[in-house]
Amino acid sequence: MTEILAVALITVLAVVSPGADFAMVVRNSTLHGRRTGVLGAAGVAAGVLVHVAYTMLGIGLLIASSTALFTAIKLAGACYLVYIGVRTFLARGDLTVDLGGKGELGGAAALRAGFLTNVLNPKTTLFVVSTFTQVVGEDTAYWRQAGYGLFMSLAHFGWFGLVALFFSHAHLRTAMLRRQKALNRTIGSALVGLGVTLGLAR
C-alpha cells in the first residue's frame, strides 16, 4: 500500500509540474482547437509508455548507472525543446483558425508533437526511471509494475486533456488569439529556456 501511495503521489506531482508538455498542449489547443489539444495530450500519454517500457525491460537501470547515456538523452531532449521553442517564437501572429474546433494541425501531426515532446523530455525520463528504480521494489510483480506504468500514462492524459479542454474554450481561446504573437513569444521563450536549462544542468 505504501508503494502504491508513493507512486501515485510522485506521478501527480510530476504530471502537474510545468514543462514542455504543458506548453505544447496549451499552444496547440489555443491555436488549433480542442481536438488537436486532446490528440496532443494522447501523444504525451503514449510517450510516457515508452519510458515505462524500456525501464521495465531494464534499460532504465542502465540509464541510471550510465552518466554518458543519460547525458545523451538529456541533450537530445534539450535540443528538441529549443527547436520547437524557436519555431514557436518565430511563428507568424496572424494564423487563421476555425473556432468551431477544426485545427490546421492534422491529427497525426498533433499526436506526433505530443509523443515527441514527452519521449524526448528529460523530466519524464527522470521521473519514470527514478520511480521504478527508487520507489518500486525489486520484488514487485510485473503485472503491478505494468499497472503503475498505465496509471502514469492515464494520469498524463487526464491532466493534459483537461488543459486542452480549458485552453480551447471559445471565449478564452478568442481572447488569447487576439494576443497570439505575444503568446507565441512567451511560450517559445519558455521552451527555449527549459531546453537550455536542461541542457546545462548537471
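This is a predicted model: local features need pLDDT of at least 70, side-chain atom pairs count only at pLDDT 80 or more; totals for chains, interfaces and linings use all residues.
Residues are numbered from 1 along each chain as its sequence is written, and side-chain values use heavy atoms, with hydrogens and water left out.

**Exercise 1.** Determine how the axes of helix 7 and helix 8 are arranged.

Solution. The axes of helix 7 (residues 122-135) and helix 8 (residues 142-167) come within 12 Å and cross at roughly 150°. Helix 7 is therefore roughly antiparallel to helix 8, a term for angles over 145 degrees.

**Exercise 2.** Find which residues make the contact of helix 7 with helix 8.

Solution. Contact means heavy atoms within 4.5 Å. Helix 7 contributes Phe127, Val128, Thr131 and Phe132, whereas helix 8 contributes Gln145, Tyr148, Gly149, Met152 and His156. Sorted by class, these are five nonpolar, four polar and no charged residues, where Gly counts as polar.

**Exercise 3.** Decide whether threonine 131 is buried or exposed, and find its contacts.

Solution. Threonine 131 belongs to helix 7. Buried means under 20% relative accessible area and exposed over 50%, with partly exposed in between (1.4 Å probe, protein chains only). With a relative accessible area of 1%, threonine 131 is buried. Leaving aside neighbours within four places in sequence, threonine 131 is in contact with Val7, Ile10, Val136 and Met152.

Technical notes. Axes are lines fitted to C-alpha atoms, for helices over the stretch in contact, and angles run from 0 to 180 degrees between N-to-C directions. Helices (H or I, at least four residues) and strands (E, at least two) are DSSP runs, numbered from the N terminus. Angles under 35 degrees count as roughly parallel, over 145 as roughly antiparallel, 65 to 115 as roughly perpendicular and the rest as oblique.
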